[in-house]
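Please walk me through this structure in the viewer. Tell me what to select at each stop and what I will find there.

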Amino acid sequence: MKKTLLVISTAVMVALAAPAFAGAKQDAVMDHYKKLAKGSFSAERGKAFYSAVHTGGKPATPSCTSCHTKSPTGTGQTRANKPIAPMALSKSPDRFGDLKKVEKWFGRNCRSVLGRECTVQEKGDFLAFMYSQ
Amino acid sequence: MKKTIVMTAMIVAMAMMPANTWSRDRGVKDELTKTECGACHMVFQPRFLPAVSWTNIMSDLGNHFGEDASLDEESRTKIEAYLVKNARKKEFKYIGNGTQPIRITEIRWFKREHRNEVSKRAMKRAGTMANCVACHKGAEKGQYDDD
């Protein structure tokens with residue numbers, strides 16, 4: 001009985017530590033990057049990457065936050081004034097479910113913000129952060 | 001007499017309806033074009049620009065008015081074909097330097113139509129002249145007569 005309680009409470013704690021907003025499609029996209037990566041991904045590093053002011057890209061968009069707002073749960077805005085649905089999976093559960101689309105936007109936005117392609121590590125960390133939010 | 005009243009009432013009712021009530025939907029029908037172009041901006045109808053303008057725009061998506069809008073080659077080709085097929089039939093005559101415009105906002109009739117039309121407040125709300133829907137509620141359906 002005690003053992004069962006311990007198992008349950010551990011499971012609850014794990015669930016709380018890593019909220020599961022990701023569905024099967026999102027897991028598949030993450031697995032794609034995990035296979036390419038050398039190490040593991042960190043939501044903390046992803047958060048720092050998201051908030052950082054980068055150099056090398058276009059002056060008007062030095063950060064993810066330039067268009068997506070300071071919080072990934074916020075509604076962003078394109079330069080042509082269209083709203084961008086929140087990046088956080090808790091707010092936009094259908095996001096990051098299509099690898100082709102994910103790669104399209106990493107390609108465009110990494111070149112715009114950093115002036116280069118993002119590394120697998122950066123992409124994985126970024127996704128880990130968005131999956132946790 | 002009764003007939004006249006009914007007729008008059010009908011005419012008044014019709015006149016009070018917005019101008020675009022009976023306009024047909026002249027918006028973009030192609031789903032891929034709607035999805036890809038519409039991800040960032042209002043889906044402009046291809047009839048605003050001649051074919052050569054669309055070809056030029058679609059050949060430089062890496063620098064799309066300052067944005068990286070790169071597409072996979074299959075999508076790019078399909079969208080370009082749709083835009084070219086439905087483009088404005090005639091090129092603009094008054095372009096002096098021989099190139100056709102790629103910005104709808106730089107076309108002479110566009111400038112004339114909007115001269116002194118957009119208040120500072122409306123402009124602040126729209127953000128950019130490319131945000132047609134801010135003022136023309138039916139713009140996505142190709143309806144612009146509501147100003």
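The tour below goes through a predicted model, with stops in each chain and between them.

**Stop 1: chain A, two helices.** Select helix α2 (residues 24-36) and helix α6 (residues 120-132) of chain A. Their axes come within 9 Å and cross at roughly 150°. An angle over 145° counts as roughly antiparallel, so α2(A) and α6(A) are roughly antiparallel to each other. The crossing is left-handed.

Now show side chains. From α2(A), pick A:Gln26, A:Val29, A:Met30, A:Tyr33 and A:Leu36. They meet A:Val120, A:Lys123, A:Gly124, A:Leu127, A:Ala128 and A:Tyr131 of α6(A). By class, this contact has eight nonpolar, two polar and one charged residues.

**Stop 2: chain B, two helices.** Select helix α2 (residues 31-38) and helix α4 (residues 73-85) of chain B. The axes lie 9 Å apart, and the packing angle is about 110°. That makes α2(B) roughly perpendicular to α4(B). On α2(B), the contact uses B:Leu32, B:Thr33, B:Glu36 and B:Cys37. On α4(B), look for B:Ser75, B:Lys78, B:Ile79, B:Tyr82 and B:Leu83. The residues here divide into five nonpolar, two polar and two charged.

**Stop 3: between the chains.** Display both chains. Chain A gives 12 residues to the contact and chain B gives 21. About 1,300 Å² is buried between chain A and chain B, with 41% from carbon and sulfur atoms. Select A:Arg79, A:Lys82 and A:Arg108: in chain A, these lose the most area to chain B, together 38% of what that side buries.

**Last stop: a salt bridge.** Four salt bridges link chain A and chain B. Zoom in on A:Arg79 and B:Glu67, which form a salt bridge with the closest N and O atoms 3.1 Å apart.

Terms used
Residues numbered from 1 in each chain as written. Chains lettered and ligands numbered in written order. Predicted model: local features only at pLDDT ≥ 70, side-chain atom pairs only at ≥ 80, totals over all residues. Heavy atoms only, no water. Axes fitted to C-alpha atoms, helices over the stretch in contact; angles between N-to-C directions. Helix = DSSP H or I, 4+ residues; strand = E, 2+ residues; numbered from the N terminus. Parallel < 35°, antiparallel > 145°, perpendicular 65-115°, else oblique. Contact = heavy atoms within 4.5 Å. Nonpolar A, V, L, I, M, F, W, Y, C, P; charged D, E, K, R; others polar. Left-handed = near helix turned anticlockwise from the far one by under 90°. Buried area = accessible area lost by both parts, 1.4 Å probe. Salt bridge = Lys/Arg side-chain N within 4 Å of Asp/Glu carboxyl O.
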